[in-house]
Amino acid sequence: MHEIGEIRACVSEADARWVQEECSRLLGKEEHVDCALLLQGDIVVFTAWRLLVVQKHRLRGKEVEYTSIPYRALTRVTIEAVGTLDLDAELRLWTGDSAEALVLQFTRQVNVYDFQAKLARRIVEASVAVS
């Protein structure tokens, strides 16, 4: 696993120690956290192989949902800028033939376009590796 400073340096507002502790049980033997960031209280983690999304369901109490998406499984990504209320942007991710998207909400602290560019590079790298 990368050092705490390297994770924090990516773009993260997240507590790097918490990210390491929270994700250590989710990672494969050779897998490590490349980058982590905080989005509206959720944690998004980039590894070499997949995107991990840790969502805390604040309305349902202490439930935490972990979503693991291999980069090669992503089929569509959209950005909706100038959201409603106080949200600045939403990024939606689809996998396979799924009609339902995973929605990530961005504020001004994290640039949605930089995130999308990093994700696009990972998707392309994963598709080239499979070919």
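Reply: Two strands are said to pair if DSSP finds at least two bridges between them. Helices (H or I, at least four residues) and strands (E, at least two) are DSSP runs, numbered from the N terminus. The model is a predicted one: local features need pLDDT of at least 70, side-chain atom pairs count only at pLDDT 80 or more, and totals for chains, interfaces and linings use all residues. Residues are numbered from 1 along each chain as its sequence is written, and side-chain values use heavy atoms, with hydrogens and water left out.

Me: In the open sheet of 3 strands, which strands stand at the edges?

Reply: This sheet is open, has the order S5-S6-S7 and is paired in antiparallel fashion. A strand at the edge has a single partner strand, so one side of it is left without a neighbour in the sheet. The edge strands are strand S5 (74-81) and strand S7 (102-106).

Me: How many bridges join strand S6 to S7?

Reply: Strand S6 covers residues 89-95 and runs antiparallel to S7. Within this pairing, Ala89 stands opposite Phe106 in S7. Counted between strand S6 and S7, the bridges number 5.

Me: At about what angle does helix H3 run to S5?

Reply: Axes are lines fitted to C-alpha atoms, for helices over the stretch in contact, and angles run from 0 to 180 degrees between N-to-C directions. Helix H3 (residues 112-130) lies across S5, S6 and S7. Its angle to S5 is about 170 degrees.

Me: What are the edge strands of the open sheet of 4 strands?

Reply: The strands of this sheet follow the order S1-S2-S3-S4, with antiparallel pairing. An edge strand here pairs on one side only. That description applies to strand S1 (33-39) and strand S4 (64-70).

Me: How many bridges join S3 to S4, and what angle does H3 make with S2?

Reply: S3 and S4 run antiparallel and are joined by 7 bridges; Leu51 stands opposite Ile69 in S4. H3 packs on this sheet and touches S1, S2 and S3, where contact means heavy atoms within 4.5 Å.

Me: With which residues is Trp49 in contact, leaving aside its neighbours within four places in sequence?

Reply: Trp49 is placed in the loop between strand S2 (42-47) and strand S3 (50-56). Its relative accessibility is 48%, so Trp49 counts as partly exposed; buried means under 20% relative accessible area, exposed over 50% and partly exposed in between (1.4 Å probe, protein chains only). Trp49 and Pro70 are 21 residues apart in sequence, yet 6.0 Å apart in space, C-alpha to C-alpha. The contacts of Trp49 are Glu30, Glu31, Pro70 and Tyr71.

Me: Which residue meets Arg50 in a salt bridge?

Reply: A salt bridge is a side-chain nitrogen of Lys or Arg within 4 Å of a carboxyl oxygen of Asp or Glu; the pair in question has an N to O distance of 2.7 Å. Arg50 lies in strand S3 and its partner in the loop between helix H2 (16-24) and S1, so the pair ties together parts that are 19 residues apart in sequence.

Me: Which residues are linked in a network of salt bridges?

Reply: Glu80 forms a salt bridge with Arg92, with the closest N and O atoms 3.1 Å apart. Glu80 lies in strand S5 and Arg92 in strand S6, so this pair ties together parts that are 12 residues apart in sequence. Arg92 also forms a salt bridge with Glu90, at 2.9 Å between the closest N and O atoms; Glu90 is buried at 13%, whereas Glu80 is partly exposed at 36% and Arg92 is partly exposed at 24%. The network consists of Glu80, Glu90 and Arg92.
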